[in-house]
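Open the model in your viewer and keep the sequence panel beside it. The stops below tell you what to select next and what is there.

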Amino acid sequence: INSFKIKSIYGNSENILIYGTGILGTEPIIYNIQNGKYQRLFTETESCIVVDYPAGVDADGKYVVVSAGYEYDLEDGNGEYYVINLKNGESQKIPIPNYDNYKYTDCAITPQRFIGNELLITYEFICDFNTEENYRETYYYNIETNKLREWDNEISFDSDLSGSSEDYF
């Protein structure tokens, strides 16, 4: 069952964000409540979905995380991740930290939560030929500087903190 969410956009009283959850193909849109016009949120790739949890939309409604790419990539969970500024529409691809590309065959990204102007992200480095070598690292991604810095606590996260993007970190 598909459901829709509506979010306000920080500093923008004319527009709201509308996105679907549960089914691919319900592209997020910016809807102008005064004139009834709408536009796709992100047009740089064939398709995109809002990563509703754990990260979703930040508490102030300034930023949203999307997974984007071809629809078949999104179905397989292989989209690229972007942070979109809802005020000006600019997007930034979430970087991946350097890792041994010969030893690790993939890097899975799980955006966790927005914390101010940063996004907490868990990266899982996957070694297909020896899964015991897999490991996770958590980083802060500073949206304003487009830089990563390591999480400075011993706590690591599995796939997500909870099933709700509305709770507090």
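Start by selecting R149, which is partly exposed at 40% relative accessibility. Buried means under 20% relative accessible area, exposed over 50%, and partly exposed in between, with a 1.4 Å probe and protein chains only. This is a predicted model, where local features need pLDDT of at least 70, side-chain atom pairs count only at pLDDT 80 or more, and totals for chains, interfaces and linings use all residues. Residues are numbered from 1 along each chain as its sequence is written, and side-chain values use heavy atoms, with hydrogens and water left out.

**Around R149**

E118 and R149 form a salt bridge, with the closest N and O atoms 2.9 Å apart. The term requires a side-chain nitrogen of Lys or Arg within 4 Å of a carboxyl oxygen of Asp or Glu. This pair links distant parts of the chain: E118 is in strand 10 and R149 in strand 12 (residues 147-150), 31 residues apart. Strands (E, at least two residues) are DSSP runs, numbered from the N terminus. E118 is buried, at 10% relative accessible area.

Now show Y140. The charged end of R149 sits over the ring of Y140, 3.9 Å from its centre. Here NZ of Lys or CZ of Arg must be within 6 Å of the ring centre and within 35 degrees of the ring normal. For another such contact, select K62 and Y10: the charged end of K62 sits over the Y10 ring, 5.0 Å from its centre.

Select residues 118-126, which make up strand 10. How many of its nine residues are buried? Eight are, so the strand is mostly covered.

Next, show strand 9 (residues 106-115). Strand 9 runs antiparallel to strand 10, joined by nine bridges. Two strands pair if DSSP finds at least two bridges between them. Look for R113, whose bridge partner in strand 10 is L120.

L119 stands opposite Y141 in strand 11.

**Aromatic rings**

Nine aromatic pairs are counted. Rings of Phe, Tyr and Trp (its six-membered ring) pair if their centres lie within 6.5 Å; planes under 30 degrees apart are stacked, over 60 edge-to-face, the rest tilted.

Select F42 and Y82. This pair is tilted, at 4.8 Å centre to centre and 50 degrees between the planes. F42 lies in the loop between strand 4 (38-40) and strand 5 (47-50) and Y82 in strand 7 (residues 80-85), so the pair ties together parts 40 residues apart in sequence. F42 is buried at 2% relative accessibility, and Y82 is buried at 9%.

Move to Y123 and F125. They are stacked, 6.5 Å centre to centre with 20 degrees between the planes. Both are buried.

The whole structure has five salt bridges. One of them joins E80 to K93, with the closest N and O atoms 2.9 Å apart. E80 is in strand 7 and K93 in strand 8 (residues 91-93), 13 residues apart.

Finish with K103 and E133, another salt bridge, at 2.7 Å between the closest N and O atoms. K103 is partly exposed at 29% relative accessibility, and E133 is partly exposed at 31%.

Notes
Helix = DSSP H or I, 4+ residues; strand = E, 2+ residues; numbered from the N terminus.
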